[in-house]
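Hi,

Here is the structure I promised to pass on, with the sequence alongside.

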Amino acid sequence: MPDTAIFFGTDFYNLPIGSDQKLFIERTNQMLTYIRRHFPKCRLLYQPHPNEKDEYTLLDLSGFEVGKRTIADLLLSEEAPRIAGVFASCSWAAASAYSMGF
């Protein structure tokens with residue numbers, strides 16, 4: 001039974017020069033709120049980008065657990081039967097998830 005919603009993080013310290021980091025954090029928090037609202041009975045998993053340092057500490061991860069660092073495709077494969085939804089603000093992991101049918 002699908003019971004996990006995954007959000008793939010971004011190493012937003014390395015966004016292109018001129019990117020509005022504050023706005024990126026604000027919009028990411030809005031996405032996390034959306035997930036909390038629409039997946040209230042699910043395990044909420046924030047999966048850090050492999051290059052993240054402490055970016056996740058700047059986000060509102062209330063209700064989310066922070067996953068261990070792993071390759072996104074491997075996580076998607078291992079968690080496939082449990083996945084209720086996959087989200088990302090700026091991650092190719094979302095493209096992998098889409099191609100896997102999520």
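The lining of the largest pocket has 8 nonpolar, 6 polar and 1 charged residues. Please keep in mind that this is a predicted model. That pocket holds about 150 Å³ of space. If you want to find it on screen, 15 residues line it, and those nearest its centre are G9, H49, P50, S91 and A93.

A search of the whole structure gives 1 cavity of 30 Å³ or more, and the largest cavity contains about 30 Å³ of space. Which residues line the largest cavity? They are F7, G9, T10, F12, F24, T28, Y46, L59 and S89. Sorted by class, this lining comes to 5 nonpolar and 4 polar residues, with no charged ones. You will notice that G9 turns up in both places: it is on the list for the cavity and is among the residues nearest the centre of the pocket.

Now for the chain as a whole. Its secondary structure amounts to 3 helices and 4 strands, and along the sequence these follow the pattern β-α-β-β-α-β-α. A compact globule of 102 residues would have a radius of gyration near 13 Å, and the chain agrees with that because its own value is 13 Å. Along the principal axes, the C-alpha atoms fill a box of roughly 40 × 25 × 20 Å. Of the 102 residues in the chain, 37% are buried. The chain exposes about 6100 Å², and 56% of this comes from carbon and sulfur atoms.

Is V86 buried or exposed? V86 counts as buried because its relative accessible area is 18%, with the cut-off for buried at under 20%. Leaving aside residues up to four places away in sequence, V86 touches I6, F8, L76, A97 and F102. V86 and F7 are 79 residues apart in sequence, yet their C-alpha atoms are 6.0 Å apart in space.

Best wishes

Conventions
Residues numbered from 1 in each chain as written. Predicted model: local features only at pLDDT ≥ 70, side-chain atom pairs only at ≥ 80, totals over all residues. Heavy atoms only, no water. Buried < 20%, exposed > 50% of the residue type's maximum accessible area, 1.4 Å probe, protein only. Contact = heavy atoms within 4.5 Å. 1 Å grid on protein atoms, 1.4 Å probe; cavity = no way out; pocket = protein on both sides within 12 Å on 5 of 7 lines; lining within 4 Å. Points joined across faces, edges and corners; volume = space filled by probe spheres on them. Nonpolar A, V, L, I, M, F, W, Y, C, P; charged D, E, K, R; others polar. Helix = DSSP H or I, 4+ residues; strand = E, 2+ residues; numbered from the N terminus. Rg over C-alpha atoms; globule rule 2.2 N^0.38 Å. Areas by Shrake-Rupley, 256 points an atom, 1.4 Å probe, with all protein chains shown as cover.
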